[in-house]
Amino acid sequence: MLGKLLKKEWTLCMHPAAWIMLGLAVLILIPNYPYTVSFFYMTLGLFFICMSARENHDVTFTLTLPVEKRAVVTARICFAVELELLSLLLAGGMIIVHRALISTANGAGMEANVALLGEGFLLYGVFHLIFFPAHFKDVSRVGTPFVLASAALFALITADVVLSYALPFWRDVLDTPDPANLGAKLVFLLICIVFYALATLLALRRSQHHFLQLDIR
C-alpha cells in the first residue's frame, strides 16, 4: 500500500518547483557561496508540494481510498525522504565536479566536501522535526510551519559560516578540501545520518499522532 501511495505522491503531488529546487544543487559550483543554502531550497520545494496538495484537497481525496489514516502521513514523509536523498545524491555529484574545476577555498562556510553532505542530512532532519508535526496538526497550515522550520535552518546555516572561522576543529578539520581529514569527515557524516534517521522517525511518530486527532471534513 505504501508503494501505491508513494506513486500517487510522485504523480499527483510532485510540484514543478520541486524539480527546479533539485536542480539548484548546481549552486555548489559557485565559488565563495554558502553551499548549505542549496539544501534549504529543497525544503522550499517540499513547501510547494504541501501547499499544492492543500489547495487540491489531496488529503481529503487520499482518505477516500482504502488506506489507514496514518499511512497518509507515512507516504508524505517518505516522499520527502526520497526527494532529499535525491538532492544529496546530486549534491555529491556537484561536489565531485567542484573538486575537479575549482581549487580556491570557500570563504562562505563549509567547503564542497564530504562534511557538506553531513550538514545536508542535519538540516533535513531539523526540518522534519519542526515542519511536519506542525503541518499535520492542521493540514491547512503550511506557511507558519515552514517559516518556523526555515528560521531554524538559517540559524544553522549562519552557524556553519561562523564556525568555519571561529571553531578550530570546524575550520581546520571539517572545512577542508577532500581528501584531507577524510576519516573525521566520514565520522561526522555518519553522525548526521544517524541524527537524520532518528529525527525523521520522531517526526513521523509525532505527525501521525497529530493527524490521527485531526477531524478532516
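This is a predicted model: local features need pLDDT of at least 70, side-chain atom pairs count only at pLDDT 80 or more; totals for chains, interfaces and linings use all residues.
Mentor: Rings of Phe, Tyr and Trp, taking the six-membered ring for Trp, count as a pair if their centres lie within 6.5 Å. Planes under 30 degrees apart count as stacked, over 60 as edge-to-face, and the rest as tilted.

Trainee: Thanks! By this rule, to what number of aromatic pairs does the count come?

Mentor: The count comes to 16 aromatic pairs. Let's begin with Phe40 and Phe154, whose ring centres are 4.7 Å apart and whose planes make 55 degrees, a tilted pair. Phe40 belongs to helix H3 (residues 37-55) and Phe154 to helix H7, so this pair ties together parts that are 114 residues apart in sequence.

Trainee: Now for a pair of another kind: how are the rings of Phe132 and Phe136 arranged?

Mentor: Phe132 and Phe136 are stacked, with 6.4 Å from centre to centre and 25 degrees between the planes. Both sit in helix H6 (residues 114-137), four residues apart, which is about one turn of the helix. Phe132 is buried at 1% relative accessible area, and Phe136 also counts as buried, at 1%.

Trainee: Which residues do ring pairs link into a cluster?

Mentor: Ring pairs link Phe40, Tyr41, Phe47, Phe48, Phe127, Phe131, Phe132, Phe136, Phe146, Phe154 and Phe211 into a cluster. One of these, Phe211, has Lys69 over its face, at 5.2 Å from the ring centre.

Trainee: I'd like to look at the nonpolar core next. Which residues of the largest one touch the most other members?

Mentor: Such a core is a set of buried nonpolar-core residues (Ala, Val, Leu, Ile, Met, Phe, Trp, Tyr and Cys) joined through side-chain atoms within 4.5 Å. The largest one here has 61 residues, and Ile28, Ile49, Leu83, Phe127, Phe131, Phe132 and Phe211 touch the most other members. Helices H1 (2-13), H2 (16-23), H3, H5 (69-101), H6, H7, H8 (168-174) and H9 each give two or more residues to this core. H6 gives the most, with 12 residues.

Trainee: What does Phe131 touch, not counting residues up to four places away in sequence?

Mentor: With those set aside, Phe131 touches Cys50, Val142, Pro145, Phe146 and Ala149. You can read Thr43 in helix H3 the same way: it touches Tyr124, Phe127, Phe146 and Leu153, again leaving out residues up to four places away. Thr43 counts as buried, at 1% relative accessibility.

Trainee: Let's turn to charges. By the rule for salt bridges, what does the count come to?

Mentor: First, the idea: side chains of opposite charge can pair when their charged atoms come close. In this model the count comes to seven salt bridges. One joins Glu9 and Lys8 at 2.9 Å, N to O, and both of these residues are buried. Another joins Glu55 and Arg54 at 2.6 Å, N to O. Glu55, at 48%, counts as partly exposed, and so does Arg54, at 30%.

Trainee: Which residue forms a salt bridge with Asp58?

Mentor: That partner is Arg76, with the closest N and O atoms 3.1 Å apart. The pair links distant parts of the chain, since Asp58 is in helix H4 (residues 58-63) and Arg76 in helix H5, 18 residues apart. Asp58 is buried at 7%, and Arg76 counts as buried at 5%. Lys8, Glu9, Asp58 and Arg76 are linked in a network of salt bridges.

Trainee: And Asp160: is it buried or exposed, and how far away is the nearest side chain of opposite charge?

Mentor: Asp160 is buried yet has no salt bridge, and the nearest side chain of opposite charge, Lys185, is 12 Å away. Asp160 lies in helix H7 (residues 143-166). Apart from neighbours within four places in sequence, Asp160 is in contact with Thr36, Gly109, Met110, Glu119 and Trp170.

Methods: Residues are numbered from 1 along each chain as its sequence is written. Side-chain values use heavy atoms; hydrogens and water are left out. Buried means under 20% relative accessible area, exposed over 50%, partly exposed in between (1.4 Å probe, protein chains only). Lys and Arg count as positive and Asp and Glu as negative; His and the chain ends are not counted. A salt bridge is a side-chain nitrogen of Lys or Arg within 4 Å of a carboxyl oxygen of Asp or Glu. Contact means heavy atoms within 4.5 Å. A charge sits over a ring if NZ of Lys or CZ of Arg is within 6 Å of the ring centre and within 35 degrees of the ring normal.
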